[in-house]
Amino acid sequence: LGVFKRLAKGIKAVGDSVKEESGKDFCLDEKYGYVHSCPTNLGTGMRASVHIDLPGWTTHSVEELKKRCESLGLQPRGTRGESGGQTGHTWDISNKHRLGYSEVQLVQTMIDGVNTLYKED
């Protein structure tokens, strides 16, 4: 809860600064949330992630890990970011969806999915 409060405080500070400098607010739609230039980040735009060692999945099959993550509503990335590639057996696992879910649902999906991957590893 403390991390989320700090995140919310930081987001508010950025929004306040933008408003002060430009006189404009971020574009917010009642149904879809914040409107971004990247459609995958519509809605809350919240990407909750965790770095986790998954040596079994990495050794067994990276493609199978990707399929399993898909079935759990997750997205696996290497620890170097979206396009930086993956090294070793540590993965950045996050919620795949951003639109149509609350922040609580997105974080819970990530937590439940990571726990499942860990148990299966």
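Guide: One term to start: helices (H or I, at least four residues) and strands (E, at least two) are DSSP runs, numbered from the N terminus.
Visitor: OK, in what order do the elements of the protein chain run from the N terminus on?
Guide: They go α-β-β-β-α-α-β-β-α. That gives four helices and five strands.
Visitor: Where does the model come from, and how are things counted?
Guide: This is a predicted model, where local features need pLDDT of at least 70, side-chain atom pairs count only at pLDDT 80 or more, and totals for chains, interfaces and linings use all residues. Residues are numbered from 1 along each chain as its sequence is written, and side-chain values use heavy atoms, with hydrogens and water left out.
Visitor: What's the mean pLDDT of the protein chain?
Guide: It is 85, and 86% of the residues reach 70 or more. pLDDT is the predictor's confidence in each residue, from 0 to 100.
Visitor: Where is confidence lowest, and where highest?
Guide: Lowest in strand S2 (residues 33-34), with a mean of 70. Highest in helix H3 (residues 62-71), at 94.
Visitor: Let's stay with H3. Which residues of H3 meet H4?
Guide: Leu65, Arg68 and Cys69 in H3 meet Thr116, Leu117 and Glu120 in H4. Contact means heavy atoms within 4.5 Å.
Visitor: What kinds of residues are in that contact of H3 with H4?
Guide: Three nonpolar, one polar and two charged. Ala, Val, Leu, Ile, Met, Phe, Trp, Tyr, Cys and Pro count as nonpolar, Asp, Glu, Lys and Arg as charged, and the others, Gly among them, as polar.
Visitor: What else does Cys69 contact, beyond its neighbours within four places in sequence?
Guide: Leu74, Gln75, Pro76, Ile93 and Leu117.
Visitor: New topic. How much of the protein chain is buried?
Guide: Buried residues make up 24% of the 121 residues. Buried means under 20% relative accessible area, exposed over 50%, partly exposed in between (1.4 Å probe, protein chains only).
Visitor: And Asp112: buried, partly exposed or exposed?
Guide: Partly exposed, because its relative accessible area is 41%. Asp112 lies in helix H4.
Visitor: How far is Asp112 from Leu74?
Guide: Their C-alpha atoms are separated by 10.0 Å, and the two are 38 residues apart along the chain.
Visitor: Last one: what share of the contacts with a separation of 6 or more joins residues 24 or more positions apart?
Guide: 58% in the protein chain.
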